[in-house]
Amino acid sequence: MNTLTVSVVTPDGPVLENSFEMVSCKAESGELGILPGHIPLVAPLSISSVRLKGENPQRIAVSGGFLEVRPDKVTILAQSAERPDDIDVKRARAAKERAERRLQAKQDEIDFRRAELALKRALNRIEVVENR
Amino acid sequence: MASLRDIKTRITSTQKTKQITKAMHMVSASKLSKAEDFAKAFDPYSNKIKEVVTSIAGSGQDAEHPMLQKREVKKTAYFVITSDRGLAGPFNSGILRDVYRTIQEKHQSKDEYAVIAVGKMASNFFKKRNMPILNEITGLSDQPNFADIKDLTSETVQLFIDGEIDELIICYNHFISAITQEVTSKKLLPLTELANESSSSTSAYEYEPNQQEILNVLLPQYAESLIFGALLDSKASEHASRMTAMKSATDNADDLIDDLSLQYNRARQAAITQEITEIVGGAAALE
């Protein structure tokens, strides 16, 4: 079976580097599935989970960033990316509640947008932990 | 001549200072090696993002983005990175002097520039001189995470996108080695040099959905990564600079203790000699 090297890097250091058979993720424009031999591609990612399929499947929560594809290598560059084991669920829950409270209160647009993003990130993390 | 007791007190107090500076030296040394590790961990990210950005920005004429274009400069922002605490030799003073001089030379009025201050030293310095501060952050940990400064970097980049500032210059101490750090000023935004740099990697990418959308996501992320890189660089310099300062303080304390011990022994010797002379004199008077 052909494999792809997948590396996930964040400003705080590499999160993962391993071989997988398929990468399935959610780009801004929709779901993307990448198999070995894909043409070079760059796409921005949405706040979502990246599913890496192979012998040891992995899920990774990313908050935005983008994906760079080469025929034999996939690099995910995100400002934060975590494996399920590294996610602090308590913190994510707290962040979710905080964001929800902010969304309830009427605020100007920028704060609203920010709270919305924070909520998305928190929900994404919780979802990744629960479906690991 | 100072009395024996005075000299003794000075020696003890210098010894105590030496203990402290020596401890600080060792603390800084260990923090420096950690800071270097952090900078190393950041490398793959920054290299990769730079590679992708240059290959996109240099690939075609249709890659246009406000962040890549030079515009008339009405307001310049200086992003100044210092530490929270002193005792780091010329680390803070060097950079603040440099920025202050540049501002005095380049700008006539306060509307033409603003400062974004990282660290208590910078924020106090510019506040005292009544200079406009757009944003500040203090109390950063010694090993900053990206999450700690994400708000600051994204706000800064947003200021540029919104047209509040037309130019962003970042000033920090660049870490060269444990004994050399260099005050550096770099123009960060607009990213003009990027478009001129021909891409070294020849890979042509497919863009999903299109180049413009990618640049919208990529360029702010790139600019933020540059700021974070400078911050890590500056942290390493801070620890190196503090280490050197504390090393020389310890050495100076050693010298001082040597001098004082010599003085102390001379004084002691003089006192003994005097006593003997007195005894001999007294004995001679009896005969």
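Q: What should I know about numbering and confidence?
A: Residues count from 1 along each chain as its sequence is written, and chains are lettered from A, ligands numbered from 1, in the order in which they are written. As this is a predicted model, local features need pLDDT of at least 70 and side-chain atom pairs count only at pLDDT 80 or more, while totals for chains, interfaces and linings use all residues.

Q: Into which domains is chain A divided?
A: Domain bounds come from an automatic or database domain assignment. Here chain A has domain 1 (4–82) and domain 2 (89–131), with 23 Å between their centres, taken over C-alpha atoms.

Q: How many residues of the two domains of chain A are in contact?
A: Two residues are in contact if their C-beta atoms, placed from the backbone, lie within 7 Å. Six residues of domain 1 of chain A meet six residues of domain 2 of chain A in this way.

Q: And how many residues of chain A are in contact with chain B?
A: There, 23 residues of chain A contact 26 residues of chain B. Strands are DSSP runs (E, at least two residues), numbered from the N terminus. The largest share of chain A's side, four residues, comes from strand 5 of chain A, which spans 41–44.

Q: In which sense does strand 5 of chain A pair with strand 6 of chain B?
A: Strands pair if DSSP finds at least two bridges between them. Strand 5 of chain A and strand 6 (residues 206–207) of chain B pair in the parallel sense, over two bridges. Leu41(A) stands opposite Glu206(B) in that strand of chain B.
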